[in-house]
Amino acid sequence: DRKKMKSIAVVILNYKGWHDSLNCLESLLSQDHENFRIILIDNYSENESVQKFKEYLNGDLKLKSEYFRHEPEQKKRNYIEYTHEEQINKDNLSEKELSDKDIVLISTSKNLGFSGGNNVGARYASLMGYEYVLLLNNDTLVTDKSFLNKLIEPFKKDNTVYMSGPNIINFDDTFDSPMIEDTFMGNLFYLSLLNFFRRKLNTPSIYKDIEALSSHIPKQVYKISGACMMLDTKKFEGIEYLDEKVWLSSEEAILSEKIKAKGGKIMFTPLTTLIHKKAASPRPKSDKVSILRNHYKQREYFYKTYKKYGPLKMNIIRLMVSIRILITKIKG
């Protein structure tokens, strides 16, 4: 019965970070929007993550956290487990055994990356008839009891809305979202230069949409952070979900271009805030060059496929990328 279905599927994607994932899950349990289901996905962690999830769900694992107080007695929670994404189809899916605050646990058979892992959850949500799907990073904490209600509000007021996202605060007191649309010349030269000086002055990135951040009402933006994306499930299915050809870079920009091509809107919702632990664990300096290489490889795909840049623009971009990587190598 569609009326009995949960209206929001919250997808938490885990890769080797079971403690963060469970903290994120627990931070959701006090929501005043009762009609939602948490979909916990382990993206082939190959560690103790799935075992820890089951211990927690069976009431055998007491969580400790520096961020908030947990329930004195750990409750047992019913859950349904799917062990492989290929088994998720209409024939074997059922949530009849589940009630409020019960969990769906899905384990993938290989690491599918950010896009692929989240798509497993989004496809599940679509097959089960959820109206909305929230893709939520496992290193986030929900502190507002009306968080889910506020995120779906823009959809109710405008049927061209595809996606919404909250104000996201990182642990270093920076804003994680929303972003402006960068131009070819801007991304290549002056925005990068301006951003360099702004970092030195400890001022917000030039890529941040300051006008939207200053708004007291939901505002249409170009791009929101991939750490928290609420989507209309059917519309998300209509744009074929996240592009799985990119790996840990450019996912949000590609999604923005897909939505823009459909005449859809992305709404930034400043009325609710999410805490993001991203800045708490910086990457080692030794990884900088390989991270940059991957980033630029994904950006090249984005520019060619979605921005439709021709050979001249692409060759200029490749030259600038080579210079930036060389400078990074020299700086060590």
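How do α8 and α9 lie relative to each other, roughly parallel or roughly antiparallel? Keep in mind that we're looking at a predicted model here. Helix α8 covers residues 251–261 and helix α9 covers residues 288–305, and the two pack at an angle of about 10°. Angles under 35 degrees count as roughly parallel, so α8 and α9 are roughly parallel to each other.

Now try the next pairing. Helix α10 takes in residues 311–331, and α9 packs with α10 at an angle of about 170°. Anything over 145 degrees counts as roughly antiparallel, and α9 and α10 are therefore roughly antiparallel to each other.

Here are the two pairings together:

| Helix pair | Angle | Distance between axes |
|---|---|---|
| α8 and α9 | about 10° | 10 Å |
| α9 and α10 | about 170° | 10 Å |

**Who touches whom**

On the α8 side of the α8 and α9 contact you'll find Ala 253, Ile 254 and Glu 257. They meet Arg 299, Tyr 301 and Phe 302 in α9. Sort the residues of this contact by class and you get four nonpolar, two charged and no polar ones.

For the contact of α9 with α10, α9 brings residues including Leu 292, Arg 293, Tyr 296 and Glu 300. From α10 come, among them, Met 314, Ile 317, Arg 318 and Val 321. By class, this contact has eight nonpolar, seven charged and one polar residue.

How many cavities of 30 Å³ or more does the count come to? The answer is one cavity. The largest cavity has a volume of about 30 Å³. Which element gives the most to its lining? That would be α8, with four residues. Glu 251, Ile 254, Leu 255 and Lys 258 are among the lining residues. By class, the lining has five nonpolar, three charged and one polar residue.

**Aromatic rings**

The count of aromatic pairs in the model comes to seven. One of them is formed by Tyr 132 and Phe 155, whose rings are 5.1 Å apart, centre to centre. Their planes are at 55° to each other, and the pair is tilted. Tyr 132 lies in strand β5 (residues 132–137) and Phe 155 in helix α4 (residues 147–157), so this pair ties together parts that are 23 residues apart in sequence.

Notes:
Residues are numbered from 1 along each chain as its sequence is written. This is a predicted model: local features need pLDDT of at least 70, side-chain atom pairs count only at pLDDT 80 or more; totals for chains, interfaces and linings use all residues. Side-chain values use heavy atoms; hydrogens and water are left out. Axes are lines fitted to C-alpha atoms, for helices over the stretch in contact, and angles run from 0 to 180 degrees between N-to-C directions. Angles under 35 degrees count as roughly parallel, over 145 as roughly antiparallel, 65 to 115 as roughly perpendicular and the rest as oblique. Contact means heavy atoms within 4.5 Å. Ala, Val, Leu, Ile, Met, Phe, Trp, Tyr, Cys and Pro count as nonpolar, Asp, Glu, Lys and Arg as charged, and the others, Gly among them, as polar. On a 1 Å grid over the protein atoms alone, a cavity is a set of points where a 1.4 Å probe fits but cannot get out, and a pocket is an open set with protein on both sides within 12 Å along at least five of seven lines; lining residues have an atom within 4 Å of a point. Grid points are joined across faces, edges and corners, and a volume is the space filled by probe spheres set on the points. Rings of Phe, Tyr and Trp (its six-membered ring) pair if their centres lie within 6.5 Å; planes under 30 degrees apart count as stacked, over 60 as edge-to-face and the rest as tilted.
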